[in-house]
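Let's take a walk through this one together. Have a look at the fold first, and then we'll go piece by piece.

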Amino acid sequence: MDPSTSRPAVVIDNGTGYTKMGFAGNVEPSFILPTVVAVNESFINQPRALTKSSNLAQYSAGVMADLDFFIGEEALSRSKSSSTYNLSYPIKHGQVDNWDAMERFWQQCIFNYLRCDPEDHYFLLTESPMTAPENREYTGEIMFETFNVPGLYIAVQPVLALAAGYTASKCEMTGVVVDVGDGATHVVPVAEGYVIGSSIKSIPVAGKDVTLFIQQLMKEFNKHDKEPGKYIKQWRGTKPKTGAPYSCDVGYERFLGPEVFFNPEIYNSDFTTPLPDVIDKCIQSAPIDTRRALYKNIVLSGGSTMFKDFHRRLQRDLKKIVDDRVHASDARLGGNVKAQPVEVNVVSNPIQRYAVWFGGSVLASTPEFFAACHTKTEYEEYGASICRTNPVFKGMY
């Protein structure tokens, strides 16, 4: 028996804005870090010495650059305190953009934060539904070659978000996942654990856009003026360059921020399709025999879905679109045949902020997980191409 299967698997959910990491079986991730790397550029840009020892100087510079880097909050603070550290964001819009930075990021995650030996644990990593197969090969090469992991499973984030809804009596792997992160928003239909790739929709509005929109608004509003104690919150911070403290009032921007998902034209004139319409188009483009099940299980995922009553507003608007279509269909048939009403249900739960990570933690806790993983032995025999496909498994049942 492989001793690494007796130890909990490492679950790392890499997002555009934040990375969640921890061990399988836990309810919450052990660490949540900004997905950013700060590297000391003074070593990388060091001029080459034209001496006999120039090769040694270049080698030393490379080694120091490999050692002198930081991730997460520490990276952000280093870049503020020293001009020699340059920030690199390895993931943009859900896709890995800088593989060198990504490898360094994983290195710090494993050794400095989780403090585990990667050779002793199986790994579950997540990916965006739009990820190219070649990216899975790069991930496999880094994990098996650099970290020498015994087993690797690369899971699609929306499938894990559905898995997060597992209960002792229910295993529902058909539904639509609305994943709103920091840098990307995807609407992904899943049928029996398989992503319906042709029906995936993405919109150019995400958590970062909400933040920028609120920063642009920062005004007064009548209702908030009448009851400032109830509606207006004070934000305190420190200016990054001078270190001077500052504060500002945030009032009606608190509800206008998430409004960009329902009326995107107030933020971006180039994109004017509301999120409920995008979800409806996504489901309507899916196979007809899956549509009722998809409307019935619309799962929210990501920190930017945590706004108060976000799920109720989404369900109300989507229900109106669906009911209007049913009524129009009845009218065309002259009232002789009545279409059955379509149940619309938007699922919200307390762990939806970490839904992807938690789903990974649930699946990686099952015995079936280790059988589904690609192993180091398989990698050495067949190469990185084995990472292109990862079997769907319903671990608990």
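Before we meet any helices, a word on angles: axes are lines fitted to C-alpha atoms, for helices over the stretch in contact, and angles run from 0 to 180 degrees between N-to-C directions. Helices (H or I, at least four residues) and strands (E, at least two) are DSSP runs, numbered from the N terminus. What you see is a predicted model, where local features need pLDDT of at least 70 and side-chain atom pairs count only at pLDDT 80 or more, while totals for chains, interfaces and linings use all residues. Residues are numbered from 1 along each chain as its sequence is written, and side-chain values use heavy atoms, with hydrogens and water left out.

Start with a pair of helices. Helix 11 (residues 275-284) and helix 13 (residues 310-332) have axes that come within 9 Å and cross at roughly 55 degrees. Who touches whom? On the helix 11 side you'll find Leu275, Pro276 and Ile279, among others, and they meet a helix 13 group including Phe310, Leu314 and Ile321 (contact means heavy atoms within 4.5 Å).

Now zoom out. The protein chain has 16 helices and 19 strands, and 48% of its 397 residues are buried, meaning under 20% relative accessible area with a 1.4 Å probe, protein chains only.

Next, find the open sheet of 6 strands, with mixed pairing and the order 3-2-1-9-10-19. Two strands pair if DSSP finds at least two bridges between them. Strand 3 (31-34) and strand 19 (374-375) sit at the edges with a single partner strand each, so one side of each has no neighbour in the sheet. Helix 4 (residues 99-113) packs on this sheet, touching strand 1 (10-14), strand 2 (18-23), strand 3 and strand 9 (123-127). Helix 5 (residues 133-146) packs on the sheet too, against strand 9, strand 10 and strand 19.

Strand 2 is mostly covered, with 5 of its 6 residues buried. Strand 2 also runs antiparallel to strand 3, joined by 4 bridges, and Met21 has Phe31 as its bridge partner there.

Terms used:
Buried means under 20% relative accessible area, exposed over 50%, partly exposed in between (1.4 Å probe, protein chains only).
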